[in-house]
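Let's work through part of a protein together, one question at a time. Keep the picture open while you read.

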Amino acid sequence: GDTVIPLYIPQCGECKFCKNPKTNLCQKIRITQGKGLMPDGTCRFTCKGKQIYHFMGTSTFSEYTVVADISVAKIDAAAPLDKVCLLGCGISTGYGAVVNTAQVERGSTCAVFGLGGVGLAVIMGCKVAGASRIIGIDINKNKFAKAKEFGATECINPQDFKKPIQEVLVEMTDGGVDYSFECIGNVGVM
C-alpha cells in the first residue's frame, strides 16, 4: 500500500558502493538487472506464454510492474504524483549529469540532444550552472518553445541541415561546444 517511485539504480544500503559517499552505483542486483531478470534470476512477465524481460530493472513502460524491493523509494502519500513521478529518473538524471557529473561552469556553451524530460532537466541544470549558451537539438520542432522556457538559448533541428549536426555546431560555436549531453538513448546520436 506504500506510494513509491521506481529506481533504475537501486539502493541496498549495504554494499561498498552504497556506503561510499562518492558513488551510488549499487551492485547488489546489477548483474541480473542487466539481463532483464529479477535478483533471483527469474522473470515475472509473460505475454501469450512467452517470457518478457524486465526493462532496466523497473519496466516502467508498463501499466503494472514487478521490481526488487531495493529498487523503489517510499514517498509521502500526500505528495502530488503528477510531480514526484519525475524524480525517479528523468529530472535527477538530466540535472545531475550537468551539476554533479560534468560540473558545467559559468559561461560554458552546451548542446543538448533530445528535448524530452531528461533533456529539459539538462537545460535546467545548464541554466543554473550559468551556461551562456544552451543549444537544444531535436527533430521535433514542437519541443522548442518548452525548451526555451526551461532555459535553452536557441534550438535547432538536425533535419534542417544538409551536413552532419556536429559540423553545424562547430560552425555555430566557432569550434565546438564545451559540453554535449545526449538525452535520447540513440547510439547513432552518441
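**A kinked helix and the core beside it**

Q: Where is the kink in helix 4 centred?
A: Keep in mind that this is a predicted model. Helix 4 bends by about 45°.

Q: How far does helix 4 reach from its first C-alpha to its last?
A: This helix runs over residues 90–102, so count 13 residues, and at 1.5 Å a residue you'd expect 18 Å. The model comes close to that, with a reach of 17 Å.

Q: Which elements do the buried residues of helix 4 pack against?
A: Start with who is tucked away: Gly94, Gly96 and Val98 are buried in helix 4. The buried residues of this helix have two packing partners, and these are helix 5 (117–129) and strand 8 (179–182).

Q: Which residue just after helix 4 takes a positive phi?
A: Look just past the end of the helix. A phi of about 50° turns up there, and it belongs to Gln103.

Q: Which element gives the largest share of the largest nonpolar core?
A: That core has 19 residues, and Val104, Ile123, Cys126 and Phe181 touch the most other members. Two or more residues each come from strand 5 (109–113), helix 5, helix 6 (144–150) and strand 8. With five residues, the largest share comes from helix 5.

Methods:
Residues are numbered from 1 along each chain as its sequence is written. This is a predicted model: local features need pLDDT of at least 70, side-chain atom pairs count only at pLDDT 80 or more; totals for chains, interfaces and linings use all residues. Side-chain values use heavy atoms; hydrogens and water are left out. Helices (H or I, at least four residues) and strands (E, at least two) are DSSP runs, numbered from the N terminus. The bend at a residue is the angle between axes fitted to the seven residues ending there and the seven starting there. Buried means under 20% relative accessible area, exposed over 50%, partly exposed in between (1.4 Å probe, protein chains only). Contact means heavy atoms within 4.5 Å. A nonpolar core is a set of buried Ala, Val, Leu, Ile, Met, Phe, Trp, Tyr and Cys residues joined through side-chain atoms within 4.5 Å.
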